[in-house]
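Have a look at the structure first, then read on.

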Amino acid sequence: MFHLRTCAAKLRPLTASQTVKTFSQNRPAAARTFGQIRCYTAPVAAEPFLSGTSSNYVEEMYYAWLENPKSVHKSWDIFFRNTNAGAPPGTAYQSPLPLSPGSLSAVARARPLVEAQPNVDKLVEDHLAVQSLIRAYQIRGHHVAQLDPLGILDADLDSSVPADIISSTDKLDLAVFKERLRMLTVGGFYGLDESDLDKVFHLPTTTFIGGQESALPLREIIRRLEMAYCQHIGVEFMFINDLEQCQWIRQKFETPGVMQFTNEEKRTLLARLVRSTRFEEFLQRKWSSEKRFGLEGCEVLIPALKTIIDKSSENGVDYVIMGMPHRGRLNVLANVIRKELEQIFCQFDSKLEAADEGSGDVKYHLGMYHRRINRVTDRNITLSLVANPSHLEAADPVVMGKTKAEQFYCGDTEGKKVMSILLHGDAAFAGQGIVYETFHLSDLPSYTTHGTVHVVVNNQIGFTTDPRMARSSPYPTDVARVVNAPIFHVNSDDPEAVMYVCKVAAEWRSTFHKDVVVDLVCYRRNGHNEMDEPMFTQPLMYKQIRKQKPVLQKYAELLVSQGVVNQPEYEEEISKYDKICEEAFARSKDEKILHIKHWLDSPWPGFFTLDGQPRSMTCPSTGLTEDILTHIGNVASSVPVENFTIHGGLSRILKTRGELVKNRTVDWALAEYMAFGSLLKEGIHIRLSGQDVERGTFSHRHHVLHDQNVDKRTCIPMNHLWPNQAPYTVCNSSLSEYGVLGFELGFAMASPNALVLWEAQFGDFHNTAQCIIDQFICPGQAKWVRQNGIVLLLPHGMEGMGPEHSSARPERFLQMCNDDPDVLPDLKEANFDINQLYDCNWVVVNCSTPGNFFHVLRRQILLPFRKPLIIFTPKSLLRHPEARSSFDEMLPGTHFQRVIPEDGPATQNPENVKRLLFCTGKVYYDLTRERKARDMAGQVAITRIEQLSPFPFDLLLQEVQKYPHAELAWCQEEHKNQGYYDYVKPRLRTTINRAKPVWYAGRDPAAAPATGNKKTHLTELQRLLDTAFDLDAFKNFS
Ligand SMILES: Cc1ncc(C[n+]2csc(CCOP(=O)(O)OP(=O)(O)O)c2C)c(N)n1
Ligand SMILES: [Mg+2]
């Protein structure tokens, strides 16, 4: 009944002169977080029926009555009227009338006790109207906020004022305002009239505009709502499905006088604006014809970021990982990360020599890592800006993954120490799908970074494109609503408003550990870059921009007028920073060499020598002792916890695994288990992520067991292998490739001592993550001298499943390998194989045996450096009875075989061999079956290339030399313009110094990767096998 009492009490009429008693007795639900709670004394006695469950019933009826007094029984109508009219305790209730014929006279007698309240209906309606009005501002106030510093374009692309807001902002002139008020009041939307403006209304608990007051005149209510929601800050939050979070935001923005800054804070803000503005001006003066994607028009970004960092540092964060596009990047490096200015300036010198291997990148893409003291909080803080490609927003998931990894390795399970900040351009934030994919990772247990602060540099233009042509959503930030992230739009020409929202954003993150967006509505003073002429396409906007006073000047004038600083102090601040720039410029001339390794975003201390070299150029054996293999095998085929019931089908699978172990054999799933389990023993963290990886798309892996009787009870046997083992993370991902692969790449950046794998559901789906492959994985080291050992598992194979699900597109990966097809490397070089690996941009393998798969996974970690590893993985081979390996192939001394030579009868009399077939992957099993059927084992040798890139020139030369009279042919199941042919053929020819032709046995060129017709598939397969074993097949070509 408590609710009814307070509600009822609130609805009693008040006049401005009446005092409202408040007392500190807190309401149970809201009292947890919010200090100031209003309650009102209510002269309502404990009526006999107002207890227990009946009170809910009464409460419901009360709400129904509020909406329509006629909807309840007459007796209740009277009761509520009496209560609201202040009937003394115990008297509000009047017995229902008897249903006897004479009862009519009783109805007439049953009058409200408080006859003196004829306006109760109107009062109820007016209070409801005021509540609606407050709510309207909370929901839609941002639509009339003054967000555009230029005053020409509405940030929401809509100049109309929502119909339920009585806006007096200067968007509307007075006459318009009066007319709106009339429309909305007199007989209009709210049913209030002008005389109501001076009436006092109780404020609901869902607003904080009252401050200490619990009731205000309507005029003041409107004024305060406009102060909170319609000035330079537009708060979008009412879509959030959490009352506590909504209340928190209301309190932050509605409480009167909340946006107060000390003079000290104002001076710091001014100093930061000086740095930001003068940095750009300095670059402009010195290098007027260089592209730098300056920040002019959004100089406030620098103090904004610094505020977020200061506040987060104050709340315990000591590591901030940032991702950002081109705009203002140099300024952020200089003034937020505090990269030495001379290191930035020297990059404008075209004579600078490159000192590192690799091709490098332009200055506004490079990353940075810097540890320093935060001057405001006096605490250590590490800032890292992740290197990024030109592809806008592509770095978002990478930053998230790196943040997750840093949190994971320092045991920061709630994101209290490590956080991420992502910067965006308005056009890119709205247009790029990866933004959405990244948001969807934000709350997933294995992917959450416990809140990212997003800052949008919303300069209301994308290159030359107007926002009205660039997005269909009102704001560029609407994508954030999918994860219930609050969005704070702010006019960037009001630096204090910007500081305030940044503080709130940082507090939001540290309170709720969820994403939040700061939308800096600004403008771009120059063209897209400094060489561009913006008047070609945005003439009116740029006429206005030319007239626009820079924000530094405006703010300085304000502070001078307030007496916070005086003119000489301001000028002194400017000349101090200009001097810093000039001195750094002078020093920059001494820099003759550009070390990109000084621009590393993720150093791996201790992994390399001090000058960044691998500690050795060898790789130990990747084999394991029989004991280790057996132990892992036994755990892999058991349920290592008590009272855990697994599915009957799974019991059979584990039993079969157990038998394999007894027979000292592994299939694919077991080989993977052996590799993972042994690395965990050696302290290597393993993270396997992708769609349905826990079970495995092909139901072969089963790394997470599910109790069939207890909901959500799971067991990961891999985490029960050894005492003190490293943790194993296996996680089903969201249905995203771009986002999740980017995330895992970022995760792998954080440490060399982890095996991070991403598995595609089917290999062809990797193409929706092509940007991560093309821009980061393939060229990452060359551009940013940053190594990365990520592993891609891409199920691949022509199995009659149609054009989809068949090809992981090996041709694409191979085409991007950096080894020269026409140059035979020095095969005698010591550690040729390791040197080749060191020089390559990535390793591409297609293993034909589980044992080799095991070795290549272990080698990935045992190598003294890191390279991305692309593995085409099997589908049908997972269960192929011949695709098994003996423990013998995995014992100490064994290693990954780059080439698996023929070991059958052909090797007995190699001179008699007529044809040497080279192949890779699953087609090997088709070839051996066909060879057996044709009884040609003595005439045709089959050599498997397991490591396609870097190309094993040395081992293949030995193979060719072994069979002096054999013709050479490459056999593949993929179409001729796909698969490996175009990569392998020129390299094989180089290997043999072009002494012989290399023939082709495989499918014809085609547009689609595979036929959709099963019969055609089989016919094509038979045709390629026929060619492979027809010793006359190539006669007519020679
Ligand atoms: C994925 C991608 N597509 C296209 C481009 C080319 N491009 C570079 S900047 C830019 C406009 C970006 O606009 P916005 O995101 O608003 O950032 P602003 O330059 O205005 O700061 C475009 C289209 C790109 N870099 N990345
Ligand atoms: Mg823009």
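Which helix gives the most to the shell around ligand 1? Helix 14 does, with 3 residues; helices (H or I, at least four residues) and strands (E, at least two) are DSSP runs, numbered from the N terminus.

1. A word on conventions. This is a predicted model, in which local features need pLDDT of at least 70 and side-chain atom pairs count only at pLDDT 80 or more, while totals for chains, interfaces and linings use all residues. Residues are numbered from 1 along each chain as its sequence is written, chains are lettered from A and ligands numbered from 1 in the order in which they are written, and side-chain values use heavy atoms, with hydrogens and water left out.

2. The shell around ligand 1. Of its 15 residues, those that come nearest are R327, S390, D426, A427 and A428; a residue is near if one of its heavy atoms lies within 4 Å of the molecule. By class, 5 are nonpolar, 8 polar and 2 charged (Ala, Val, Leu, Ile, Met, Phe, Trp, Tyr, Cys and Pro count as nonpolar, Asp, Glu, Lys and Arg as charged, and the others, Gly among them, as polar).

3. Contacts of ligand 1. A side-chain N or O atom of D426 is 2.5 Å from an oxygen atom of the ligand. A427 has a backbone N or O atom 2.9 Å from a ligand oxygen, and A428 likewise has a backbone N or O atom 2.9 Å from an oxygen of ligand 1. The protein buries 75% of the 580 Å² that ligand 1 exposes when taken alone (Shrake-Rupley method, 1.4 Å probe).

4. The magnesium ion (ligand 2). Its protein donors, D426 (OD), N459 (OD1) and I461 (O), lie 2.0 Å from it. Donors are N, O and S atoms within 2.8 Å of the metal (3.2 Å for Na, K and Ca), and water is not among the atoms, so sites may look incomplete. The donor spacing in sequence is D-x32-N-x1-I. D426 in helix 14 (residues 426-431) and I461 in the loop between strand 9 (452-458) and helix 16 (467-470) are 35 residues apart, linking distant parts of the chain.

5. Are D426 and I461 buried or exposed? D426 is buried, at 3% relative accessible area, and I461 is buried at 4%. Buried means under 20%, exposed over 50% and partly exposed in between (1.4 Å probe, protein chains only).

6. Strand 25 (residues 940-945). Here 6 of its 6 residues are buried. V940, I942 and R944 point one way, and A941, T943 and I945 the other.

How values were computed
Polar contact = N/O pair within 3.5 Å; in protein donor to acceptor, adjacent residues only side chain to side chain.
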